[in-house]
Structures are given as C-alpha cells and as structure tokens.
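The sequence and structure come first.

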Amino acid sequence: IARFENHAMSIESFASKCPHHAKAFLTRFLEARELGFRGTIGILDLSSNRLGNSSNEIEWEAIRSSEKLHRLDLSGNELEMTAELDSMLRSCTMLQDLNLGNNRLRSADGVSATLKELSALTSLGVASNHLQAGGSLEIMSGLAGSKHHLEHLDMRDNRIGATGAREVVEGLGP
C-alpha cells in the first residue's frame, strides 16, 4: 500500500501488470512531490510487472525521494543490476525488507557495494536469480563487516552449489 499523507492507494491495482503502469505511478508520485505534496511511501510492491530491460526508463527518482520506504519488492521483473537500479537502491537507506527474487542478477555484480549501503536491512530475498557460487560470495561480502541485522536471507532456487553454500554459512558465522 502506498500512503500519501492520510490517503491510501493500492499499488496492486495495476490492471495489466505492465511497466507502463509502474512508470506512470512513479512519475505521478515524483510530480506530486515537486508540487510540495509531501507523500511518503513505506511499502512499495512492484513485483511481477515485467519491468525487464525497461527498468532504465523508469523514473527511479520517485523511489529515491521517498524518505520512509522500508519495504521494496521488485521480484519477478527480470531485472539486471543496472547503474540506475544500483543508484536507486543505495539511496534507500531506510530499507528493512528488499526482495529482488526471480530476476536476472546471475553473478550479482555490484550487489556487494549496494548491500553495504543498506545497513537497516533485516530481510533480503534473492531467490531464483540463477546465482552461482560467485554470486553468493558477492552477496555475503556485501553483508559482512557491516551494521546489518539480517534476520531473513532467501537464496533458494539458485545454482550456488556446495561452494556457494559454504560461503553463505561462513558468512553467517560470528
């Protein structure tokens, strides 16, 4: 649910679940902020909207400008870690719950640096991203040595193998 002051709007109302609706919503949110309407989104669910390669066209600035975003679900969008997506995620310093599951992170290049910026993160979903052992190492190095208080890490349905599993278990150690 997106909250604008005391008014609630259901993001689930994206009728055909296509990127045009998501882009339109984010653009309108940004326009409202520019007009002085101090909307704040706490939970934003854009899952399964087929954003894919069109993610570079999305006005990620709208998400960057949300000061209270604590839960973001971008799962099921066939996203890759682009510079635009990386920049947007790094700016969401209040994020506690991030779901990037069922996308195309594969090697998770760049995810490590992004995760280091998200110190409030308590839940991370990266399931079904075709991650291999190197991808699990990238994720664990982003979580290691930081101020994370991670309670939930979902890495199921990847291709990390025994080496990747060992990296995850070692990364969770004391």
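This is a predicted model. The chain has a mean pLDDT of 78, and 71% of its residues reach 70 or more. Residues 1-17 stay under 50 in pLDDT, and the model has 37 contacts beyond four places in sequence for them. The pLDDT is also below 50 over residues 35-39, a stretch with nine contacts in the model beyond near neighbours in sequence. Where pLDDT is low, the predicted coordinates should not be read in detail.

**Salt bridges**

The count of salt bridges comes to four. Among them are the pairs in this table.

| Pair | N to O distance |
|---|---|
| D97 and R71 | 3.4 Å |
| R104 and E78 | 3.3 Å |
| D154 and R156 | 3.1 Å |

The side chains of D97 and R71 meet in a salt bridge. D97 lies in strand β5 (residues 97-99) and R71 in strand β4, so this pair ties together parts that are 26 residues apart in sequence. D97 counts as partly exposed, at 22% relative accessibility. R71 is partly exposed too, with a relative accessible area of 37%.

R104 forms a salt bridge with E78. R104 is in the loop between β5 and α4 (111-117), while E78 is in the loop between β4 and α3 (83-91), so here again the pair ties together parts that are 26 residues apart in sequence. R104 is partly exposed, its relative accessible area being 31%. For E78, also partly exposed, the value is 43%.

In the pair of D154 and R156, D154 counts as buried at 15% relative accessibility. R156 is exposed, with a relative accessible area of 56%.

**A buried charge without a salt bridge**

Where does D73 lie, and is D73 buried or exposed? D73 belongs to strand β4, which covers residues 71-73. D73 is buried yet has no salt bridge. Which side chain of opposite charge is nearest to D73? That side chain is R71, and it is 8.1 Å away. R71 has its salt bridge with D97 instead.

The side chain of D73 does make a polar contact, with the side chain of S75 at 2.6 Å. Leaving aside neighbours within four places in sequence, D73 is in contact with L44, D45, L46, S47 and N99. Of these, N99 falls in the range of strand β5, residues 97-99.

Notes:
Residues are numbered from 1 along each chain as its sequence is written. This is a predicted model: local features need pLDDT of at least 70, side-chain atom pairs count only at pLDDT 80 or more; totals for chains, interfaces and linings use all residues. Side-chain values use heavy atoms; hydrogens and water are left out. Helices (H or I, at least four residues) and strands (E, at least two) are DSSP runs, numbered from the N terminus. Buried means under 20% relative accessible area, exposed over 50%, partly exposed in between (1.4 Å probe, protein chains only). Lys and Arg count as positive and Asp and Glu as negative; His and the chain ends are not counted. A polar contact is a pair of N or O atoms within 3.5 Å; within protein, one must be able to donate a hydrogen and the other to accept it, and residues adjacent in sequence count only if both atoms are side-chain atoms. Contact means heavy atoms within 4.5 Å. pLDDT is the predictor's confidence in each residue, from 0 to 100.
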